[in-house]
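This note sets out, in numbered points, how the chain is put together. Please read each point with the sequence and the structure at hand.

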Amino acid sequence: MPRRLAPDESALWKKVAATVKPLAKAKAPLAPAAPPTVSPPKPTPRSTAAPAAAPRPATKLPPPRRTHQAATLDGHWDRRLRKGLVRPDMSIDLHGHTLASAQALLDEAIGRGLMRGARVLLVVAGRLRPGADRLPIMHGDPRPRGAIRASLPDWLGFSPHADQIVALRPAHISHGGAGAVYVILRRARED
């Protein structure tokens with residue numbers, strides 16, 4: 001049950017209520033009108049037809065994002081990676097870097113690995129904190145711990161070397177476990 005107003009509160013409320021102007025009442029809507037019927041245009045002779053409008057140029061869309069986490073590998077490769085039997089050809093550690101410098105270092109390392117003919121690149125980025133990939137980036141706020149690890153799939157999808165990356169897999173415990181990932185690179189073709 002709501003409380004009653006004290007006499008001084010009631011007097012104050014009456015003063016406030018006297019200054020309020022009521023809203024104009026809206027008219028009740030009429031019954032919905034039937035949609036207008038459109039008759040097809042009458043064909044015109046070709047001699048009097050207006051020139052057709054030029055087609056719009058297509059807007060350039062960003063390149064499609066590749067998802068390397070869902071990429072399939074040969075079952076033999078996946079088993080060997082899970083058991084830690086694959087030795088990485090190269091490794092990089094992204095601890096202590098900002099997001100921008102970590103992304104630049106990752107792209108540079110992938111380029112170096114491709115030039116050397118590396119097949120497996122071990123990227124040590126730290127553990128992914130629960131919810132780190134779902135938190136919004138606030139202006140001036142530092143990203144939560146695990147932000148580099150959370151950004152890896154996006155960086156690899158939009159990397160200039162994205163077409164040379166075959167898959168992204170979690171690292172074996174002997175190579176860093178949840179704090180590291182394997183980036184599987186496409187084998188260079190011998191022409």
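In which sense do β3 and β4 pair, and over how many bridges?

1. Overview. The model is a predicted one. Its chain has 191 residues, of which 29% count as buried. The secondary structure comes to 4 helices and 4 strands, and from the N terminus on the elements follow the order α-α-β-α-β-α-β-β. Among contacts between residues at least 6 apart in sequence, 67% join residues at least 24 apart.

2. The sheet. The 4 strands form an open sheet with the order β1-β2-β4-β3, and the pairing is mixed. The edges are taken by β1 (90-93) and β3, each of which has a single partner strand, so one side of each is left without a neighbour in the sheet. From one strand to the next, the twist averages 20°.

3. The pairing of β4. To return to the opening question, β3 and β4 pair in the antiparallel sense, over 5 bridges. Within this pair, Arg 169 stands opposite Tyr 182 of β4, and Pro 170 stands opposite Val 181 of β4. The pairing of β2 with β4 is antiparallel and has 5 bridges. Here Leu 122 is the residue that stands opposite Tyr 182 in β4.

4. The burial of β4. Is this strand enclosed or open to the outside? Because 6 of the 6 residues of β4 are buried, the strand is largely enclosed by the rest of the structure. In a regular strand, side chains alternate between the two faces of the sheet. Both faces of β4 are covered: Ala 180, Tyr 182 and Ile 184 are buried on one side, and Val 181, Val 183 and Leu 185 are buried on the other.

5. Strands β1 and β2 run parallel and are joined by 4 bridges.

6. Leu 122 as an example. This residue is found in strand β2. Buried means under 20% relative accessible area. Leu 122 counts as buried because its relative accessibility is 8%. Leu 122 touches, among others, Met 90, Ser 91 and Ile 92, as well as Ala 180, Val 181 and Tyr 182. Pro 88 is another residue that Leu 122 touches; the two are 34 residues apart in sequence, while their C-alpha atoms are 5.9 Å apart in space.

7. Helix α2. In α2 (residues 75-83), the buried residues are Trp 77, Asp 78 and Leu 81. These residues lie on the same side of α2, because they cover an arc of only 95° around the axis. An α-helix has 3.6 residues a turn, so residues three or four places apart point the same way. The buried residues of α2 pack against β2 (120-124), β3 (165-170) and β4 (180-185). The helix lies across these strands and runs at about 155° to β4. Just after α2, Gly 84 takes a positive phi of about 75°.

8. Helix α3 on the sheet. Helix α3 packs on the sheet and touches β1, β2, β3 and β4; its direction makes about 170° with that of β1.

9. Helix α4 and its contact with α3. Helix α4 (residues 147-157) is mostly covered, with 10 of its 11 residues buried. Among the buried residues are Arg 149, Pro 153 and Trp 155. The buried residues of α4 pack against α3 (99-116), β2, β3 and β4. The axes of α3 and α4 come within 11 Å and cross at roughly 50°; the two helices are therefore oblique to each other. Their crossing is right-handed. On the side of α3 the contact is made by Leu 99, Ala 102, Gln 103, Leu 106 and Ile 110, and on the side of α4 by Ala 147, Ile 148, Ser 151, Leu 152, Trp 155 and Leu 156.

Conventions. Residues are numbered from 1 along each chain as its sequence is written. This is a predicted model: local features need pLDDT of at least 70, side-chain atom pairs count only at pLDDT 80 or more; totals for chains, interfaces and linings use all residues. Side-chain values use heavy atoms; hydrogens and water are left out. Buried means under 20% relative accessible area, exposed over 50%, partly exposed in between (1.4 Å probe, protein chains only). The arc is that of the directions from the helix axis to the C-beta atoms. Contact means heavy atoms within 4.5 Å. Two strands pair if DSSP finds at least two bridges between them. Axes are lines fitted to C-alpha atoms, for helices over the stretch in contact, and angles run from 0 to 180 degrees between N-to-C directions. Angles under 35 degrees count as roughly parallel, over 145 as roughly antiparallel, 65 to 115 as roughly perpendicular and the rest as oblique. A crossing is left-handed if the near helix is turned anticlockwise from the far one by less than a right angle, and right-handed if clockwise.
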